[in-house]
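Please consult the sequence and the structure below while reading.

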Amino acid sequence: MKDTARHQGMRNLLARQFSERPQYPISDEKVLQAIRTIPRHLFLDSIFEERAYQDIAFPIGADQTISRPHTVAFQTQLLEVQPGHKVLEIGTGSGYQAAVLVLLKVELYTIERQQELFKKTKLLLERMGYMPKKMIFGDGYKGYIEQAPYDRILVTAGAPEVPMELLVQLKIGGRLVIPIGKGEQIMTVFTRLSANEFNKEEYGTFGFVPMLENVQSKIR
């Protein structure tokens, strides 16, 4: 698939719709520019190309989905990243969210537990020029202690509760954005105030695939 002027126009429209939403509008211009720039249709099977710029999720294989583009934009806005921030993403998936973060010039470490997706997405991100600092095949519940602490941690799957390992791996002043709950999840932001204190904020209900503990799925 190619990225055409028509695709660009659909991305521009999508970004404008996000900025004008009555609920959870996207006001961060850097995030909106990422939505305008990154060709989301290239992260999907070609059969979904005509619907790639609608605000809906799609299956990407291995029982996983690519999140709605507004969800990606909203989580990114909640992260409040700055260039050079060290960011850990739990759940690489299709790689679209990773591409957004790389475009925002963060130092990104991203973990994927599905080996099928890990291999496919790594090749795609390399080809598109959105390669993170490091991609890890592993259990996201444990985070990635080798590069901790992080300025920001983003979880792109629904966790029944917040994994303590992720809170521990945040810097003081760092932010963790994570959907919490079974079935529908509540988008939750934890800010680390001190070694033992965290501030918690909640932002509405969303639907994600479940975050699984102690699971790594290899190609059979």
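Phe206 is buried, at 7% relative accessibility (buried means under 20% relative accessible area, exposed over 50%, partly exposed in between, with a 1.4 Å probe and protein chains only). The model is predicted, so local features need pLDDT of at least 70 and side-chain atom pairs count only at pLDDT 80 or more, while totals for chains, interfaces and linings use all residues. Residues are numbered from 1 along each chain as its sequence is written, and side-chain values use heavy atoms, with hydrogens and water left out.

**Aromatic pairs**

- The rings of Phe74 and Phe206 are stacked, because their centres lie 5.7 Å apart and their planes meet at 15° (rings of Phe, Tyr and Trp, the last by its six-membered ring, pair if their centres lie within 6.5 Å; planes under 30 degrees apart count as stacked, over 60 as edge-to-face and the rest as tilted).
- Phe74 belongs to helix 3 and Phe206 to strand 9, 132 residues apart (helices, H or I of at least four residues, and strands, E of at least two, are DSSP runs numbered from the N terminus).
- Phe74 is buried as well, with a relative accessible area of 4%.
- The whole structure contains 9 aromatic pairs.
- One of these is the tilted pair of Tyr24 and Phe206, with 6.3 Å between centres and 35° between planes.
- Tyr24 is partly exposed, at 24% relative accessible area.
- Tyr24, Phe74, Tyr203 and Phe206 form one aromatic cluster.

**Helix 2**

- Helix 2 spans residues 29–37, and its buried residues are Val31, Leu32, Ala34, Ile35 and Arg36.
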